[in-house]
Structures are given as structure tokens and as C-alpha cells.
Amino acid sequence: MNANGPILQIEGLEKRFGGLTATDGVTLDLRPGEIHALIGPNGAGKSTLINQLCGELAPDAGTIRLMGRDVTHLPTHARVALGLGRTFQVTSLLDDCTVGESVALAVQAHAGGNLRLWDRAKGRRVVQARAEALLAGTGLEDRAGVPSADLSHGERKQLELVMALALEPALMLLDEPMAGLGPVESQQMVTVLRGLRDQTAILLVEHDMEAVFALADRISVLVYGRIIATGSVEEIRDNAEVREAYLGGEDELC
Amino acid sequence: MRPFPLIGALVTLALLAVLPQMAGALGAPATTQIATRVLIYGIAAASLNFALGYGGMVSFGHAAFFGIGGYVVAILYSHWFADAPLLGVIPGTNQLLITLPLAVLVAGVFAALIGALSLRTGGVQFIMITLAFAQMLFFLFVSLKAYGGEDGLSIRRPNEFFGLNLRDRETMYYLTLGVAALFFAGLHRLVNSSFGAMIAGIRQNERRMEALGIATYRYKLFAFILSGMGVGLAGALMANAMRYVSPDMMHWSRSGELMIMVILGGTGTLFGPLIGAAVLLVLETWLAGWTENWNLGVGIVLLAVVMFSRGGVSALLRRRK
Amino acid sequence: QDAVKIGMITTLSGPAGYLGQDIRDAMQLAIEMGGGKLGGVPVDLVVEDDGLKPGKGREIADKFMQNDGIKLLTGIVFSNVANAVVPEVVDNGAFYISPNAAPSTLAGKGCSENYFVVSWQNDALHEPAGVAATAAGYKSAFVMAPNYQAGKDAIAGFKRTFKGEIVGEVYTPLGQTDFASGMAQIRAANPDVVYEFYPGGMGIAFLKQYSQAGFTGKIPMVLSEPSLDAVILKAVGQAAVGIEVTSHWNRDFDNAANKAFVAAWDKKYNRPITTYASQGYDTAMLIASALKEAGSPDNADAFRDALRKADFASVRGKFAFGQNQHPVQDWYLLKIEDVDGTPTAVTQKKILSDYGDPYASQCKM
Amino acid sequence: MILVLEQILNGLQYGVMLFLLAAGLTLIFGIMGVINLAHGSLYMIGAYAGTWVAAETGSFWLGLPAALAVAGLAGVIVEATVVRRLYTRSHLDQVLATFALILMANEAITLMFGRQPVFTPLPAAFSGSVGLLPGLFYPTYRLLIIAAGLIVAGGLYLLINRTRVGMLVRAGATNREMVRALGVDIRRLYTLVFGLGALLAGLAGYMTGPISAVQVGMGERILLPAFVVVVIGGVGSIRGAFVAGISLGVIDTCLRAFLPGMLRGLMPISQADALGLGISSMGIYLLMAVVLLVRPRGLFPVTGQGGF
Amino acid sequence: MLSVTGLQAAYGASQVLHDVELQVKDGEVVTLLGRNGMGKTTTVRSIMGLVSPRAGRVSFSGQEVQGRPPERIARLGIGLVPEGRQVFPSLTVRENLVATAANRLHRPDPWVLETVYELFPRLKERAGQSAGTLSGGEQQMLAVGRALMTNPRLLILDEATEGLAPVIRTEIWHCIAHLKQAGQSILLIDKNLAVLKRLADRHYIIEKGRTVWSGNAADLERDAARVHGYVGL
Ligand SMILES: Nc1ncnc2c1ncn2[C@@H]1O[C@H](COP(=O)(O)OP(=O)(O)OP(=O)(O)O)[C@@H](O)[C@H]1O
Ligand SMILES: Nc1ncnc2c1ncn2[C@@H]1O[C@H](COP(=O)(O)OP(=O)(O)OP(=O)(O)O)[C@@H](O)[C@H]1O
Ligand SMILES: [Mg+2]
Ligand SMILES: [Mg+2]
């Protein structure tokens, strides 16, 4: 693999649900370390695209390459092994586990040795230490003993991200990480994501434009399953088509 | 996962160790056999619980492995007794050290086959497809006239094990107790192992675990096989304790019974299933000796346990403390 | 004198519960008629339900023998329970006297000197039907049974003695009670006679559907006793008229013992009297004869010798044990006739005398 | 040819019976999220109640409303006293509780009616056979069962898919709390649905009375095939239960009737019989396994269903 | 119309609400602000009877409703758009809308299917699709439409604009402004303070389960520093 080659390459991806083309010939790439925002109206096919990238949905046509490897037909876990991490739009957590246990489990999943039948999972020092390190400094630090099911909406979002980060992914697919976060938490999240820039590339789906404009290196706009524009923050902000289809008036309520 | 209640387990073990003497002193020597049966069912139920409570795989077909474990012992015995090798090549045997591991192994093979197919489904469909495979095996054994069909197969002499007389009910009890102690220690390690942690995660949210890079199907299958092997072990012990096997061992209502024991005792707990087995068997024995409408009593007690406790008898016990 | 305890393991719950109930009630009746005694010895009948589970039966047997020190057991209805219980009982030196179940595994090489059967041997139960069908001159037969061991044994038994041609052989899944598909096959095969083995509720369903299909009175049936016992007959009613049944006992048998038994039963219980009940009663009478002689099963040798003699007045008339301690007895042909509006089994004639079973010769004692 | 037609009719009748039971199960099990093992007991209760009334009054037709009423009422009582508290509990708790109900129902029936099987008389008008085609005579009563089943199927389909009650029931299956927060008294609704399911079971139980025996334990025997139908059809789908019930009935009947004969053409008779027998007694399970392996969620999966 | 005083609530052993005070008058738009996990959603759930309050009073339309089952509270005229949408996944869009529709208060111009479709044309396009397969934003619209179809006196929106595209968000704000003009009382939970400031009549701030601040837009300006401390901005 070429060190500077794209980390993710999507070519001519298509997905149809009955008569509806949810993904319509999407071609897109992500460079290492880049934060690439994917925006678009509701129902444009963003989550559908993410689901195809991570292997939960099989595309009808097109190819997906991860670090140069064709992964179009690989199952989710195999893609994760290649360095893919994700969060879910509707949070998807381990409800009986505490925050600490959840993170430790994610760390362990990444660390391997998962088929050991005769050790003590809780006794794996390296795993526990890394889990603690991951939690340190996040808003969840003092919630480590709380069962995931008892978290508030915003906290669940944060936990999702921490679990994804535990995999040390080379590419992260984030589906609306800011949704449900308050202004303060949103700010924190922006800072966290910015800090990740060197470690991983990010495909960010988000409706919070403030965050998108603050973070994105490039933005692609998806409308009716099709990419109508890709460019820098300024280019997109000034794109008339995008404004009309997505951004609307500068101010939300005049 | 709570810490291993080591002291409690040791005390229980000590009590169990003197049970035959106490039973004799109290004039109820048959208690020893009931206890043997409780331990065997406890192993089976705890093993099912590994798939069901820890792994979230609600199998309604585990009696199949119970029956297979039993039939391995019985079939090997019958070939040894008749001095006619199985299929003309495999010699029969009555050595416990061979039959027990072999029963576990064969149960594992069947679990692998059934699991590999069944795990393609989930939820209620999984319950029903495991039931379906178990029923097919049930009908297979019902129609195997060579091995007694519906009427089953008697084992006039139990297996040999270091010159011990397993016909003797106390010897059989201690053997079972030993196996059970090892089994539960092993199970405890297993559920707290790295693999156990993965299985617990998969139970809670398979999609999430897949996104963490875990090939969940393989893990579930492996857990299902381990669980089937444990039940096979119990079946093999039962064949020796009862000196008899029949397709009844793999009837769907036996699967149901194992499940009831698990739920009654507490799903996802280490000793819950053992407690459940004890409660159910003792309750049945006690009520049946008391009234011929004992099923009514069993029904009422079971219903009361579900209605008034969450997490079965072991949850009730815990709350007491 | 202490009462001799008799342990009874039988099936009381589930669809087959009425079989165990009849056996138990008949034994209790016999004890009551003896004033709480059998053969002059006070007895205490302890009954437990095995729920048709072999494991449960074994558990009860253990409890009876070890906790209660019971030396004499009886009561089992089904072969699989018997297979699990009987070896354990006899290996412990206790006696087992069967009022019903008699699997072949325990009749031949697996026989035991402490194991007696009062009813019949499984195979011998069905052979008389074949004999009767042949004697009636039927040339072709259609046979049907549930798909399990007892069903296959029944068909095998019939086929062994039936000399005509089998034009159809159908096995249905155990427990199924819709026989429409079989009926269609019977219609297509158009046999001289139909033989089926469906005990209990299945039998009721079969005969009802047989009549609904329009076969009653057109295609005759020859059955063995379990497929048309008194309970089935009562439920099926007119639809059973004309059917022939082979049995070793019938309500109308003309001997003193039977008359006393029937009268006492009718007085006490408000329900039909089945062969199972007659077997239970005979079991009690056999025990009575042995107790009278030996006093208690504790005197094992004397008790066993007394049992072997079978010196009691059987409701069947004649009764004796063969080499393997299974009965050697006469078989009769009954016919269901409409007696004053009530379908009743009426004894026609004896078809087999001193009939034993094929396993006796394999039994070495 | 006639034989084939007759067997298909037989299959249809068996299938309709399965459907009547499966419909209630799938309503309760799929839509309300409750695994009700005691459904077979409601079937038995309906059969006993109807049979008793029919025997007392001598009229088959008076037994029918009695069967429906008693089974429905039993359903309502069971829901209000036991099942209602289990909606929020795990399926395993439901299994245990309804299993307990089976034990209790069986014993209660034994105490009330004794152990002897009882029998429902046929209505006089339906006791014979009719000629459908030259050479094809078919019991009228079985035709009645088929007709009753088809009518119930149609009615249920409309109820669930075309009415607001149906929508609410389905909505409540996935999110009870939200339905309540929108102002619907879902508890009463569920009690009614449970009662309806029970009533259908009672209908099935009473209808089988005249062709088979009414006895303790009759419920458990039919429970498994009914569950098989529910699962093959797709949990929660009335349409699925109908299609699966009918196809299972027909396929099962025809397999049993014709498979041994067909196999005899291919191999020695004894082998053919053994194989044919084996396959046909495993029949419904084999079918279910095959269907689930090809379509893991059944023939008509209900979308958005939470699963186990 | 709605008045909450001294409300306390807990999940099991952990108390989440300690002392919540809140009032919504007829025709008012009121917001509930606070950072993540402070108890906003729990407050709403307690009002609706989905969580039973430990102490305190909730009265609606002059009736005390605490401790009543949720359906009876809802029937008095509260329409809820819950956090996380919670549409009925196995029903179609149309069925979601009509299943619980009602006009219990006999409004002269009630919300009906057509008017909701007018408000969200996207829903009309998807009318026959099962709601579980809708995109996140479509589900959100559906949840709002569903609540409107019950024609409530008080509409409660818990993060109703979460996950919506800016254009749609704007639309929803317009819609809320429109509803407000029509005299609809609304209790709003949202993080978009800039809009709320202009839209709402009064604001409440919850901090760790207590109402710690309340006031109107002018108060908000005045106490900017304190408010900032509570909600961050
Ligand atoms: N399984 C499915 N069957 C039918 N249609 C589907 C399915 N999944 C998604 N869709 C449709 O595909 C379109 C794209 O959905 P998707 O969830 O990808 O949108 P999105 O861009 O993520 O929107 P949002 O920003 O609102 O989350 C939507 O119109 C949705 O209704
Ligand atoms: N079902 C539950 N069980 C236990 N604790 C819960 C539960 N739901 C919420 N909590 C806890 O109650 C507190 C308040 O939660 P709530 O959802 O009301 O907050 P919120 O203000 O709505 O937050 P957000 O803005 O993140 O939605 C949180 O600390 C949360 O962890
Ligand atoms: Mg989306
Ligand atoms: Mg909230």
C-alpha cells in the first residue's frame, strides 16, 4: 500500500431498496488523517452508505477498498480487523455492562486472545489499564461504574465513541456523533475529534453545521443517494445548490 | 459476574460430602440417589445455562446432547457385553475413562452440527430450530430397534472405574460429586475468561460486537459446542447412575425441564441451575410422595417463583442476605 | 403383625393416566374386599405417579426400596418405565409383579426369578388377533399403528399369525390423532379386514373417524384388547358395534371370581371396568395367594415359590406361569354387540388355549 | 387421482386446525411478545367446556358458544392475573410461568373431569359424507371445519391489517410505553387480544372433539406443531400462519400418504418403508429446519420485529 | 395549564430528580434547558406518568395527575414527541399517524392526515413504507406528526430537531412558531439556544435534577453569565 494512497476508496457504489435508490453511484475517497464530512438532507442515504462501508448492508454494485484492499464482500468483523471503527446513529451499547466493562471489552476485542478459555478477563492488566486510559479525560471518567443502560442520551453517544476508539482504527465512520449532545458536550466532542486527526481518518456524518465546518477538511454532499458536490468548507458553504438542498437560510429562524 | 463465592462453595461441598452419612442417619438412604440425580441434572442445566444465560442462545434442544451422552455409554456397553464390535470395527467398552470422554466428544460433534445450522437464525427461530433437530434425533432413536427403540437400553452393570463398584449408590454419588466439583470449577473459569467476556458481550448486543471486530458466529458456535459437551457429560453420568437409557432422555419435554431448572434457579448465574435442579427435583419427589395431584403443587410453586422473584430462586436467596 | 408394604409405581398423569388409575383402583378394591388384607395378611398399598417418565419411575423405586424398605413392587403400565425400574428392583433382591407392561427385553434372556408378569407378554397380546382374523377367513388385511416400538411389535405380532395378505401397512406419528390420511389409504386398498393398534385416546379418535369415513359395517375390524377397551368403547358408542376383539378377559366371563370382582367394582366405581382393572385385580389376588403361604416377601424363597404356583382364582378362569414367569393362558374372541341400546363386548369363543410367549425358551433360571 | 384429492382435502382440514391455534399463538407470541406455552391448555379447556355442555344438553351447537366463552374467559383471566405482569419480563420468565399454568390446567381438568378421555357427539346434520366428485366422498364435518377455518382466517386478516385495533396491537408489540403515552389504554386492548387468541384456541379444541379424543394433555401435543406453524409463517404474521398452516397440513399429510409408496419405486421395500417412516414422522420438523435455513425469519417476516 | 412543583423521581435506587418546578400557561412556549444527563427527559417522563414520581405535584388542566397511568394523562391532552423518536417500526408511516390519532378536545380545525402531510411532504412520499426503515430524520418528522395527530393541548418536544438537516430544522422551527401563533402550548427541550431565545416565552434550567433558574428572554440576557454556567454556550 502506498503510504499516501487513499485509506478508503468507494467506486460506483449502488444500493436499492425496492424502487428506491438509496445509494446511487457514489464515488468517494478518504486520505489518511483526513476528516471528511458527509452531509445531506434526511433520507439522502448517509446511514445507508455507512452501513455498506462497515459491511452490514451488501451493496448492489460498486466496490469498496480499504487501504487498497477490496473489502466489498467481507463481513463486518473482517473489515474491523483491517482498521475500521464506527459509531451508530441510534446508539448500540452493551446494556448490562458498566461503562468501564464496555470499554474494557472493546479493548480486549482489539487486543486479541479472545478465545482463551482459561484466563481471567478482568485480570488482564494491559487491557484494564488501556481501558482506564481511554476513559480518562472524557466526560465518562467518573461514570465508569454505571451500567450502560442507565446513561443519559448524551452519555451514550460519548461511550459509543470511546468504544470505537478502543479499536485504534485507521478509519472511523461516525454517524451523527453530536446528535443529542448539549452545547458544552458538542464543544468537547469537537475537541476530541480534532485531537484524533493524526491517529485516524474520519468519515463524519453530521447535521450540526457548526461542528462540521469547524472540523472538516473536505465535505461531500449527498442528495437522493448521489454526491452533488465535494470540496473544502468554503466551497461547500458557498455552493448555491447545497444551500438550497440542505443548508437553507443562514439563520435558522428569521 | 460476581466473584466466585469460594467459601460458600467449599461449605456446600463439605456438606455434600457427608450427605450419604446424614441421609443414612436420618433413615432416608434414597436421598443419596436423589442427590446424585440433582448433581447430574445440575451439570446439564448449568451447561445449558452457559449457552442460554451467558451466551443468550435459547436452545430448546439440549436434551438431544443429554441423550447422546447417555447412548454413547449404553451403546458401547451393549457392544462390549455382546462382544460384537460396533459397525464391525469399533470395539465396545465398559471403561468409564473411555466412555465419559467419548460421550463428551460425540455430544460435541453433534452440537457442532446442530449449532452450525441453527446459529444461522436467531431469536424465536433459534429456539424452534434447535427443537426441530432434537426432535429429529428423538425420532431417530425411537426407530433404532437395534438399540431398543422406544423401550430403551438397559446397562446391567455400570462402567468400571479403577475397580470401584459404581453399582453402589454411595460410590456413584461420590464419583458424581467429584465430576460436578471439577465441572463447576471449570465453568467458573470459563465464564470469567476472555472468551467468557466475549460471549457475554455477544449476548447483549451482537451487532456491537461485530462492529468491534468479533466474528460472532464462530464464538457463538464454539460456546454452543462447549455447552453441548457439558450436557453430554451429564447424560453419560446419568446412563451410569440409572443403568438405563431411552429416547425419553432426548424428548422435548426434557429440554424444557432443563430450561425450567435454569430459569427457576436463575439464568446467567453459576450455581443457579444447580439450585434450580435441586428445587425442582426435590419438590417433585416430595409432592409426589404426598399427593397424586403433585403436578398442581409443582405448577403453583413454579408460578409463585416467577411472579414474586426476578432472577429465580438464587435471586431470592441473595435478597435474603 | 406389621402390614406388608406394597409399592405401586404407575402412570396417573397425562393422557394415559386412566390406565394407571384403573390398575390402582382394582388393587385397592381387592384389598378392601379382603378387609385391608391380602391372603389374610394386612397390607399397605403405597402409590406414586411416574408421569410416564422412566427416570421418575426409577426414583420412586429407589425411594420405596431404600427409605421405606419395601420388598414388593408393582403397578407399571409402560414398557420403557419397566425397563428402567425392573432390573434395579430385582437386582436389589426385591420382587416386581407386573400388572401390565411386559417388554420382550425382560421376557427372554433378561428374565429374573423375582420378576412376574400377570398380564401377558407384549408379543402374545397381538398374535391372537391374527389367529382370529385368519379363522374368520379374511384374505387381505390393512394394518395401522403409531410409529413406536409397541406399535411395531403389535403389527409384527399380528402378521406372525395372520395367514392372508397384508395389503397396506401404515405407521402414524406417535400422538397424532387425525387419521384421515390413513382412512383414504384404507379406502383405496379396500381390504377384507382392518387391524389397528391405537390404545387410549388415539383409539377413540381412530374408531370415530373410521365410522365418519363410512367404513363401519362395510370393512370389518379385528383388534387386540388395548385398541378397544371399555373406556374407548364407552366413548365411541354405536360406531364400535360389529368390531371383533381378542382378549384374555371380558366382563361377562362366567366364573365366581369374576362375578365378585365385577359386582364390587360396579358398586364402588361409577365407570366402565377395563382389562387393566382386571389385571390389577388379578395381581392383587396373586399377591394374596403368595402372602397367604409365605406371610411376607421377606421370606423370599417361600414367597417366590408361592408366586410360581399361581394358586389363586383368576378372573380369567385359568391362570398359570410359564418358564419365564409370564402367563400361559387362554385367549377369547369378543364381539361388540348392541345390547339394549348399549354397545357391549360379548364373549364369542375361545380361540387359543394355554398360549404362552416365544421368549419363554430363552429364559434360563 | 381421487386419492390425491382426498389427501389434499385432509391436509387442508389439518392445516386449518393448525391455523386456528397458530393464529392465536402468533397474535400473542409475535404481536404482544409473550411466549404462551399455555395456549394448548386453552385449547383443552375449550374442548372440555364445550364437550361437557354438549353432553349435558345433547346438542353440539350449544357446546360451541360454551367452548368459545369459557376458553375466552379463561384467556382473559390468565392475562389479567399472570401474563399481564410478564410483558416487561424476559421471555424465559414467560416460559416458566406459562409452563406452570400447563401443569395446573392439566391437574385441574383431571380433578374435575377424571382421567378418562371424553368425546363430543357429532351434530346430526354433519355426521355423514358428501360426494364432492364422482368417487370422492368426504366427511361433511371435515368440510365444516375447513369452512370455519377459512372464515376465521379472513376475519382475522381484516382485523389485524385493516383496523385501528390491529394497528394499535402491532404498535404495542414494539413499544408499549409509547402507545400508552399517546393515550391508548393498551392493557385493556391486550386483555382483549389475549381473550381472542384463547377463544380461537377454544374453537379449535371444540372442533377437534368429534374427530379425536378430548383428554388431558391434548394441548401439549398440538402445541409444538402450532409453534412450528407460527415460526415457519413468520412470527407475528397472521397471513404467514395461514399460509404455513395450510401448506404444512397438506405437505405433511401427503408426505405421509405418498412418500413410502414413492420410495418403494426407488429402493428395496424394507428400506423404503424405514426411510419413508423416518422422514414422515420428522416431517414438520424437517420442513421447519429447511424453511428456516433458507429464510431464517420465516416465510412472511414481520419487519421491525424485535426478536427474542 | 401544566404546573409541576417539588417533583422528585428516581430510577431504582438512584434519585435523578430532586426538586423540579415548572409551569406552562395556556398558549405559552416554554423551554427546559440543561446539560446532558441533568434530568430533562426524566422530567418529561414523570409528567407523562412513564416514571412514577416519588414526591411532588403535577397538575394539568386543573387536575392532579401524578400517579395516574400514562394513557389517562395523555388523554387529558398532552402530546409527546419522545427523545429518540420511538416510532412504531413495524407499522407503515400512514399507520403510525392514524393508529393513535384522536381529537379528544374537539378542535374545530384538527390535525388530520392531510395537514400533517402538508407539513411534511416527505412523509407522504413514504406513506406505505414501514417506519423502521425510514432515515433518522424521516422518523423524527413522523414522531412530530404522530403527536400532532392526537391534537393535544400541550405538545412536549424532547429534542425534536435532533438529527435533522438544517433546512428541515428550520422548517420545524417555523412550524413551531406557526403552532405558537395558533395558540398551541408547547414545552420544548432543545440545545439550540439561539433559536429558543427568540421562540419561547419563558425558560427553565435544570441542573442535577433541580430547577435552578427560570425567566423570560430578557432575564436570559441579563443573567447570561449564570445561564452560560448552567448550559454552556
Ligand atoms: N431497509 C430499507 N428498506 C427500504 N427503504 C430503506 C431501507 N433503509 C433505508 N431506506 C430508505 O433509504 C433512504 C436513505 O436512508 P438513510 O438512513 O441512509 O438516510 P440518511 O441519509 O442517513 O438520513 P438521516 O440524516 O435522516 O439519518 C431513506 O429514504 C430510507 O427511508
Ligand atoms: N432508565 C434509566 N435507569 C437509570 N438511570 C437513568 C435511566 N435513564 C436515565 N438515567 C439517568 O438519569 C439522569 C438523567 O437522565 P435524563 O435522560 O433525564 O437526562 P437529560 O437531561 O434528558 O439528558 P440528555 O440531554 O443527555 O438527554 C442521567 O444521569 C441518567 O444516567
Ligand atoms: Mg442516518
Ligand atoms: Mg434527554
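Trainee: Which residue in S4(A) does A:Gln9 stand opposite?
Mentor: A:Gln9 stands opposite A:Arg65 in S4(A). Keep in mind that this is a predicted model.

Trainee: Why are strand S1 (residues 8-17) and strand S4 (residues 61-66) of chain A called paired?
Mentor: Pairing needs at least two bridges. Five bridges join S1 to S4 in chain A, so the two strands pair. They run antiparallel.

Trainee: What makes S4(A) and strand S5 (residues 69-70) of chain A a pair?
Mentor: Two bridges, in the antiparallel sense. The rule asks for at least two, so S4(A) and S5(A) meet it. Here A:Arg65 stands opposite A:Asp70 in S5(A). The hairpin has two residues between the strands, and A:Met67 takes a positive phi near 45 degrees.

Trainee: Where does ligand 2 lie?
Mentor: Between chains A and E. It is surrounded by 19 residues, and A:Asp150 and E:Gly37 are among the closest.

Trainee: How much of ligand 2 does the protein bury?
Mentor: Taken alone, ligand 2 exposes 630 Å², and the protein buries 86% of that.

Trainee: How do the residues of the shell around ligand 2 divide?
Mentor: Four are nonpolar, eight polar and seven charged.

Notes
Residues numbered from 1 in each chain as written. Chains lettered and ligands numbered in written order. Predicted model: local features only at pLDDT ≥ 70, side-chain atom pairs only at ≥ 80, totals over all residues. Heavy atoms only, no water. Near = heavy atom within 4 Å. Areas by Shrake-Rupley, 256 points an atom, 1.4 Å probe, with all protein chains shown as cover. Nonpolar A, V, L, I, M, F, W, Y, C, P; charged D, E, K, R; others polar. Helix = DSSP H or I, 4+ residues; strand = E, 2+ residues; numbered from the N terminus.
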